[in-house]
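Please prepare a short briefing on the structure shown below.

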Amino acid sequence: MELTLNHFLILSAILFSIGLVGALTRRHIIIMLICLEIMLNAANLNLIAFWHFSPNPELMHGPLFTLFTIAIAATEAALGLALVLAIFRHYQTIDLEQIQGLKE
Amino acid sequence: MSYSELFFATLPELIVVLGMFLALGYDYTKFKDKDLTTRANKAATLSSIALLLGLAGVIWQYCGACCTTEAPSTWDGQIVLTPLTLGFKALVFVLALFVIQFAKPQVPNKHVSEYFGLILLSTLGMGFVITAQNLIMFFVALELISLSLYGLTAFQNRKDFSVEAGVKYFAIGGVSSAFLLYGLSYLYGATHALNFADIAAALQSGQAPASYLLIAATGIVVGLGFKIAAAPFHLWAPDTYQCAPVPVAAWIATGSKIASFFVLIQLFGPVLEHSSHRDTLITGLVVVSVVSMVLGNIGALRQTCVKRMLAYSSVAHAGYILIGLLSANKEGYVSILFYTVIYSCATLGAFAIIGIINDRLGREANIDDFNGCWKQNPRLSLLFMIFILSLAGIPPLSGFFGKLYLFMAAIGSQSEIAAWNEGFYWLIAVALMMSAVSLFYYVKVLKAFLVSDDNPTLSPIQVGKFEGLGLIVLAVLVVGLGLYPTGLVDFIAAYL
């Protein structure tokens, strides 16, 4: 069987859905961060796949964009971990269930 | 491409970055042992000077040095300096200058230079989003704004709820960024281009697969809908506005909205115009717009905290502005940009006054706390009245003309109307009804300010001279753009 663009798109859609469901349902901040990374990587996979099957792969658009988004994902994780630290210092827990102080 | 060109194109940003590092460096060395107020004043002064110099750089670029009006060819659209983008960048810098002045007297914790540094970084992000015509640059700059604002929201880390609001903002923002990136990847897949001009050309040729474009449009609407706080992606807004430091809340409500709407019309407009799923997209946008207006205005009715009320009102305003996007023509886009400008001026002013009052009270102000403010602080009350009435859309003020242009553009976009549900008449009827609802809560605040005078809680407030100057400039803008709206509208229309 030959791999086509659609295979990659389906894989990335599955990854994105897993990440989305995890980010929306899990109450643990670290797991939520991991789910965010999965979602961003699904988009990265898309970019690379679209680039590979595009009529003008010599322009290197896809890999360029992906490099930038990988860097952004890293900064996002760093900021998320900083927030985890701040939360832990204040509440002595990082379980979001226990710290829901805001109404609505 | 030569390095000197790049240097001159990014000169304002370079100056601001330099100023930020100077502020950080001085704060950690020379002023390390000074008290908090002095450090805050020094850092704010350095940041303001950097922004002023940056603004001078923008004006210098505007006066012909790097400014082009033709389609971008250099650097694949990473930085496009037209009179319009430069004008909006200048506006963002000016608003940031005011935000820094409003932030100066109420620094949330001992990390003062980081506080101003993050405000400067988000300003740079907004400037880059406005000048970007390329998906890479746009996404990186948008993340620069978002990441700075997440950090700023959680800045009062000694207070309850502040970090929690930051985490909430971060979690929802992260999901929406992922949606946006997913949508952008499909936009790239459909058009095989990153440059906005090439994307528009590919869309126009009609060869882009329609199903890809539908996914792309969904991702963009979800991602940017979060940034502009449109319902149903607005859940972060009330908590974030309430728990963030007031200047930060003001900055989230103004600067990031200007940038998001600026890019929304450039990205979403061409997709909407050329997609074969146009009707589906329009229906989706109508739903988002109506839900925003209804939830925003109804939600604002029952708030007692003024910041939460303004948060819900900003959701409602996002709904009004989306009506301009629905018209999918140049008139609509011009009216969107015009509305964001006046909305930002009025909102920033209102938040600044709430910040001053919060600072005096030492807690979040409720509507009752404003009772009898008129007698004690007549000038502050007058300014607040101008901002609130403009947000409500009362005729002589600019908010009215903003709404008028938005609704006229939507009506004018469809000349032949056969059935009642064609055109956007019913949508505008909803918008008008919701504007009437919004009058109730805006006037409720004004009533507390002007009419109620039983046991005033506030004594006369001394406003710092730069803060006062900022408020007066904002008020003059709000009134002036109401008396003479055509100047700005013509400027936007000429260069869009």
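**Briefing on the predicted model**

Arg39(B) counts as buried at 14% relative accessibility, where buried means under 20% relative accessible area, exposed over 50% and partly exposed in between, with a 1.4 Å probe and protein chains only. The model is predicted, so local features need pLDDT of at least 70 and side-chain atom pairs count only at pLDDT 80 or more, while totals for chains, interfaces and linings use all residues. Residues are numbered from 1 along each chain as its sequence is written, chains are lettered from A and ligands numbered from 1 in the order in which they are written, and side-chain values use heavy atoms, with hydrogens and water left out.

**Salt bridges**

- Over all chains the structure holds four salt bridges, a salt bridge being a side-chain nitrogen of Lys or Arg within 4 Å of a carboxyl oxygen of Asp or Glu.
- Arg39(B) and Asp27(B) meet through their side chains in a salt bridge of 3.0 Å, N to O.
- Arg39(B) lies in helix H3 of chain B and Asp27(B) in helix H2 of chain B, so this pair ties together parts that are twelve residues apart in sequence. Helices (H or I, at least four residues) and strands (E, at least two) are DSSP runs, numbered from the N terminus.
- Asp27(B) is buried as well, at 3% relative accessibility.
- A salt bridge also joins Lys89(B) and Glu13(B), with the closest N and O atoms 3.0 Å apart.
- Lys89(B) belongs to helix H4 (residues 83-103) of chain B and Glu13(B) to helix H2 (residues 11-28) of chain B, so the pair ties together parts that are 76 residues apart in sequence. Both Lys89(B) and Glu13(B) are buried.
- Lys168(B) forms a salt bridge with Asp239(B), and the closest N and O atoms are 2.4 Å apart.
- This pair links distant parts of the chain, 71 residues apart: Lys168(B) is in helix H7 of chain B and Asp239(B) in helix H10 (residues 236-243) of chain B.
- Lys168(B) is partly exposed at 25% relative accessibility, whereas Asp239(B) is buried at 1%.
- A network of salt bridges links Lys168(B), Asp239(B) and Arg308(B).

**Aromatic pairs**

- A search of the whole structure finds 26 aromatic pairs over all chains. Rings of Phe, Tyr and Trp (its six-membered ring) pair if their centres lie within 6.5 Å; planes under 30 degrees apart count as stacked, over 60 as edge-to-face and the rest as tilted.
- Phe16(A) and Tyr182(B) form a stacked pair, at 4.3 Å centre to centre and 25° between the planes.
- That pair crosses between chains, from helix H1 (residues 5-25) of chain A, which holds Phe16(A), to helix H7 (residues 162-191) of chain B, which holds Tyr182(B).
- Phe16(A) is buried, with a relative accessible area of 6%, and Tyr182(B) is buried, with 9%.
- Phe8(B) and Trp60(B) have ring centres 5.6 Å apart and planes at 55°, so the pair is tilted.
- Phe8(B) lies in helix H1 (residues 3-9) of chain B and Trp60(B) in helix H3 (residues 36-65) of chain B, so the pair ties together parts that are 52 residues apart in sequence.
- Phe8(B) is partly exposed at 34% relative accessibility, as is Trp60(B) at 38%.
- A cluster linked by ring pairs includes Tyr150(B), Tyr169(B), Phe170(B), Phe226(B), Trp236(B), Tyr241(B) and Phe351(B).

**Contact between chain A and chain B**

- The contact takes 47 residues from chain A and 44 residues from chain B, contact meaning heavy atoms within 4.5 Å.
- About 3900 Å² is buried between chain A and chain B, and carbon and sulfur atoms give 74% of this area. Buried area is the accessible area (1.4 Å probe) that two parts lose on being put together, summed over both.
- Four residue pairs are in polar contact between chain A and chain B, both residues being at pLDDT 80 or more. A polar contact is a pair of N or O atoms within 3.5 Å; within protein, one must be able to donate a hydrogen and the other to accept it, and residues adjacent in sequence count only if both atoms are side-chain atoms.
- On the side of chain A that touches chain B, the largest share, 16 residues, comes from H3(A).
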